[in-house]
Structures are given as C-alpha cells and as structure tokens.
Amino acid sequence: MLKLAFIIDPIAKLDPLHDTSVALMEAAQSLGHQVWITQANLLSVVDSKAWATLEHVQLQKVVLVEGHWEVNLPWYQLGDRIFAELETMDAIFVRTDPPVDALYLYATYILDYVDKAKTLVVNDPQGLRAANEKMYALQFLTSIPETIVSADKEIIREFMRSKGAAILKPLGNKAGEGILYLEQRDRNFNSIVELSTLQGKIPVMVQTFLPAAKQGDKRIILLDGVPIGALNRLSSGNEFRNNMAAGGTVAKTEITPREQEICAELAPKLQADGLYFVGIDVIGGYLTEVNVTSPTGIREIDRLDATHLGEQVIKWVEQQKLGKIT
Ligand SMILES: Nc1ncnc2c1ncn2[C@@H]1O[C@H](COP(=O)(O)OP(=O)(O)O)[C@@H](O)[C@H]1O
Ligand SMILES: [Mg+2]
C-alpha cells in the first residue's frame, strides 16, 4: 500500500464525474492505496523540509450507467487531519488549477524541499515552473503553428499582416478563458490588443488561426512521454472554442501517425523536465498547448474507449516506487 497525496483545489468544488484529479484519487483508492488531500495554501516548510496539512479522504466509486458517469452522494468523506512531512508520502500529485499565480509558484518552491529520492512528485515542481502551458510548445519547432508572443501592438499588427485571422491567448489562463479570435481588419483590433495586453504591459500569444479547429481540438494524455489516450473536443453552437468548459462536446478519436510524431518529439523533453502526466492539445496536426498543471480528460476517455487510465497512471507510480526499493 502506498500513501498518495493530492494537492488540489478545495475538494467540494471538484466534479467527480468530470475531473481527472478525482479519477486518479479513486483509482488509487481502488488499487488499495491511501489517499490524502491538501491544497497549495496548506503547504509549509519547517526545518528545511516540506510539510502539509493533509486530510485522509475516502471516495465513492463512480460508475458508468447507460453511457453516463454516476456517483452516490456525498461522493467523498473526510477522515483524519494531520500535519505531516510530505516525505512520509510515497507520491504527490500536484493538481492545482491555473492560474499559475504567486501562490502556485510558492507551492512549487515549497515542493522543492521534498526529497525526490523518497517521494515522487507528479509533476516535478521545477518542471511546473519551467513550463508555461502556452509557451512550452514553442520549442517544438516542427509541431507548432506560426506563433508570436508579444505585448507590442505593432509587432502583433505586423504578424497579422500576412494572416487573415489569428487566435489571441493570454499566457496564464485555461479552459478557453480570454481566448479571442482576431482579424487583421477587425475594427476592434486596437482595443482587443490593448485590453488583453493591459496596455502593452503583459505579453500575449498570437497564433495563426487553424481552420481545422472546426473538426476538433484533440486532447492527448501522455504518461512519462507515452500517449495513453485521446479524445476530440468539438465546439458547439456559434462558439469557436472547443474547450469542454466552453460547452464543447467530446467524441471518440484515435491518435494519428502525425500526432504520434508530435508525442515522440515531446517525450525526451517532458521526461527531462519531470513532466510525467500531461495533456497536449492538437489542432489539425499542430501542437497548440502542453497542459502540465491539471490536465483533464480521463473520465471522458474512459467512457468513450472503455479504458481505465486512472489505474494505468497509478500502476505506473507503483512501478516507479518499486524501482526505487529494489
Ligand atoms: N491556432 C488556433 N486556431 C484555431 N483555434 C484555436 C487555436 N488555438 C486555440 N484555438 C481554440 O481555442 C481553444 C483554447 O485554446 P488553447 O490554446 O487550448 O487554450 P486553453 O485551453 O488553455 O484555454 C481551443 O480549444 C480551440 O478551439
Ligand atoms: Mg486547451
């Protein structure tokens, strides 16, 4: 039996039928492990060691009923509350949602005081700091669409000159928040750029518009650099964003040879950065985002493909721990 800690947002706000954090915790429990939860603001450093206020949690099993996940309420029950050294845990999952703000960064600095030889941290705090979810993709030159990052209106205007349309993205958001469709001739061009860059003070990403987004934004889950599952997300109504949180629907899909190539290009870098559990977004064969903080999609993939990705991830953790002991 392993002791696993999950750094999550307040548990009452999680959705057991959708959130990957819950799927992972449930999988850990059903494989016989102890599940403890904590939050970014409940971490401390004492005597140069990372500590946390942890609560033991017990989860109801989420089950598929006629193609939908269902769970009995209340879906979780809290037990003992302890203040313990994080190294007493076998593994820690960092699953706090963006934004990557000061609290988030401070939590990663605290996690630097966990001895990696004793406790596996998924994802590695240094990797979490190194990888801005939007910008990390830019190093994979053969996989990305034409993209700039700038706070400068004239640089953005120049980039737009050769493009009919582009997508403007704040660098620290998630779930489609603040994503804007931009046209060179848009009468609001100046205002859009001013508002999103806070008058030129904060850089944003501007990326060539990929018409293939209409056929979906694919989420591929990678475990230790290896793709283990995927789902397609389609926008609904007159919304262009494909995010599930923006009302997008999900559909069964496969990983294409081109997408395998993208994963292969990423794998060594992800492994070097300790980014063991990530979700990449691919539109029309182009890598648009590398989600490292709290990638989701496991519940949907398990439903569509009859997989048990949560258990696959926890079994991988078991193997890592076994490798350390022997
Ligand atoms: N280059 C692009 N071309 C067309 N649509 C895009 C592009 N980049 C993002 N989008 C749309 O915006 C949505 C969110 O983009 P993404 O970069 O994944 O940010 P996040 O999911 O963090 O908000 C995507 O699901 C897609 O619908
Ligand atoms: Mg995305």
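Please keep in mind that the model is predicted.

**The chain as a whole**

Let us start with the overall build. The chain contains 8 helices and 18 strands. Its radius of gyration is 20 Å, close to the 20 Å that the globule rule gives for 326 residues, so the chain is as compact as a globular protein of that length.

How much of the chain is buried? Buried residues account for 50% of the 326 residues. The accessible surface comes to about 15,000 Å², and carbon and sulfur atoms provide 52% of it. Contacts also reach across the sequence: among those between residues at least 6 apart, 69% join residues at least 24 apart.

**The magnesium site**

Now find the magnesium ion, which is ligand 2. Which residues supply its protein donors? They are D281, through OD, and E289, through OE, at 2.1 to 2.3 Å from the ion. Both D281 and E289 are buried.

**Helix α1 and the glycine after it**

Helix α1 covers residues 20–30 and is mostly covered, with 9 of its 11 residues buried. Among those buried residues are T20, V22, L24 and E26.

Just after α1 comes G32, which takes a positive phi of about 90°. This glycine sits in the loop that leads from α1 to β2 (34–38). Is G32 buried, partly exposed or exposed? Its relative accessible area is 42%, so G32 is partly exposed. From G32 to I155 there are 123 residues in sequence, and their C-alpha atoms are 55 Å apart in space.

**A lysine in helix α4**

K153 belongs to helix α4 (residues 153–161). Its relative accessibility is 22%, so K153 counts as partly exposed; the cut-off for buried is under 20%. Which residues does K153 touch, leaving aside its neighbours within four places in sequence? The contacts are with F189, N190, V193 and E194. D19, by comparison, is 134 residues away along the chain, and its C-alpha atom is separated from that of K153 by 37 Å.

**Backbone features in the loops**

| Peptide bond | Omega | Loop holding the second residue |
|---|---|---|
| L73 to P74 | near -5° | P74: between β6 (68–70) and β7 (76–85) |
| P98 to P99 | about 10° | P99: between β8 (91–94) and α2 (102–111) |

Positive phi angles also turn up in residues other than glycine. D47 has a phi near 50°, and its place is in the loop between β3 (43–46) and β4 (49–59). With a relative accessible area of 72%, D47 is exposed. A306 likewise has a positive phi, about 55°, although it is not a glycine. You can find A306 in the loop between α7 (298–305) and α8 (309–325). At 66% relative accessibility, A306 counts as exposed.

Conventions
Residues numbered from 1 in each chain as written. Chains lettered and ligands numbered in written order. Predicted model: local features only at pLDDT ≥ 70, side-chain atom pairs only at ≥ 80, totals over all residues. Heavy atoms only, no water. Donors = N, O, S within 2.8 Å, 3.2 Å for Na, K, Ca; no water. Buried < 20%, exposed > 50% of the residue type's maximum accessible area, 1.4 Å probe, protein only. Helix = DSSP H or I, 4+ residues; strand = E, 2+ residues; numbered from the N terminus. Rg over C-alpha atoms; globule rule 2.2 N^0.38 Å. Contact = heavy atoms within 4.5 Å. Areas by Shrake-Rupley, 256 points an atom, 1.4 Å probe, with all protein chains shown as cover.
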